[in-house]
Every structure is written in C-alpha cells, then in structure tokens.
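Have the model open beside you as you read.

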Amino acid sequence: MTRRYSFPFNGNRYIGNTNTNEVHDLDNEKSNCKINEMKTNHVKTFSPDTHYQAKSEGFDNCYWCIGNSKY
Ligand SMILES: [Zn+2]
C-alpha cells in the first residue's frame with residue numbers, strides 16, 4: 001500500500017477519516033485501514049501534513065497503521 005497522488009489524497013501521508021475520526025499513516029497502511037473504502041467527503045488532509053497536526057485537530061490514531069489508539 002502506498003500514498004495516493006490523486007484527489008482527494010493529493011499525495012499526503014496523513015489522512016483523516018471524518019466518519020471515524022481516525023488518522024491514518026499511508027506510508028504504513030494496512031488493509032484493515034480500508035482507505036479504498038473511504039468516501040471522498042470523509043477524507044481529511046492536514047496542513048502541515050504531520051501526525052502532530054492531525055492530533056491537534058482531535059483525530060485518534062488508527063489502530064492498524066499508527067497504533068496507540070485511544071479506543
Ligand atoms: Zn490506518
């Protein structure tokens with residue numbers, strides 16, 4: 001699995017799912033992340049594209065690709 005360079009991912013490493021409120025690391029993506037099943041309107045990118053920014057916006061870690069999930 002790898003980064004996606006098309007809309008709405010635009011090559012970003014960290015992708016938030018606004019439906020589950022989880023952030024994924026596409027450089028460590030697992031099939032359980034179900035990135036390909038995300039709806040376009042649930043995809044959130046971050047500026048800057050960092051894990052810190054995602055956390056500061058209230059996203060929880062994905063259990064599979066980042067770990068240390070709160071839930
Ligand atoms: Zn994930």
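## The core around I15

I15 is in contact with F9, E22, V23, H24, L26, M38, V43, K44, T45 and F46, leaving aside its neighbours within four places in sequence; contact means heavy atoms within 4.5 Å. I15 also belongs to the largest nonpolar core, nine residues in all, made up of F9, I15, L26, C33, I35, M38, V43, C62 and C65. A second, separate core has five residues, including Y14, V23, A54 and F59.

Here a nonpolar core is a set of buried Ala, Val, Leu, Ile, Met, Phe, Trp, Tyr and Cys residues joined through side-chain atoms within 4.5 Å. Buried means under 20% relative accessible area, exposed over 50%, and partly exposed in between, with a 1.4 Å probe and protein chains only.

## About the model

This is a predicted model, in which local features need pLDDT of at least 70 and side-chain atom pairs count only at pLDDT 80 or more, while totals for chains, interfaces and linings use all residues. Residues are numbered from 1 along each chain as its sequence is written, and side-chain values use heavy atoms, with hydrogens and water left out.

F59 sits in the loop between α1 and β4 (60-61); helices (H or I, at least four residues) and strands (E, at least two) are DSSP runs, numbered from the N terminus. F59 counts as buried because its relative accessibility is 6%. Not counting residues up to four places away in sequence, F59 touches G16, N17, T18, N21, E22, V23, K44, F46 and A54. F59 and K34 are 25 residues apart in sequence, and 17 Å separates them in space, C-alpha to C-alpha.

Q53 has its place in helix α1 (residues 51-56). At 18% relative accessibility, Q53 is buried too, and beyond four places in sequence it touches F46, S47 and P48.

## Cysteines

How many disulfides does the structure hold? The count is zero, with a disulfide taken as a pair of cysteine sulfur atoms within 2.5 Å. C33 is buried, with a relative accessible area of 6%, and C65 is buried at 4%.

## The largest pocket

The largest pocket holds about 230 Å³ of space. Its lining has 15 residues, of which N17, T20, E22, C33 and K34 lie nearest the centre. By class, that lining has five nonpolar, six polar and four charged residues; Ala, Val, Leu, Ile, Met, Phe, Trp, Tyr, Cys and Pro count as nonpolar, Asp, Glu, Lys and Arg as charged, and the others, Gly among them, as polar.

For the method, a pocket is an open set of points on a 1 Å grid over the protein atoms alone, where a 1.4 Å probe fits, with protein on both sides within 12 Å along at least five of seven lines; lining residues have an atom within 4 Å of a point. Grid points are joined across faces, edges and corners, and a volume is the space filled by probe spheres set on the points.

## Backbone notes

Most residues other than glycine have a negative phi, and most peptide bonds are trans. A cis peptide bond joins F7 and P8, with omega about 0°, and P8 lies in the segment before β1 (14-17). Another cis bond links S47 and P48, again with omega about 0°; P48 is in the loop between β3 (43-45) and α1.

N10, in the segment before β1, has a positive phi of about 55° although it is not a glycine. N10 is partly exposed, at 48% relative accessible area. N21, in the loop between β1 and β2 (22-25), has a positive phi of about 60° and is partly exposed at 36%.
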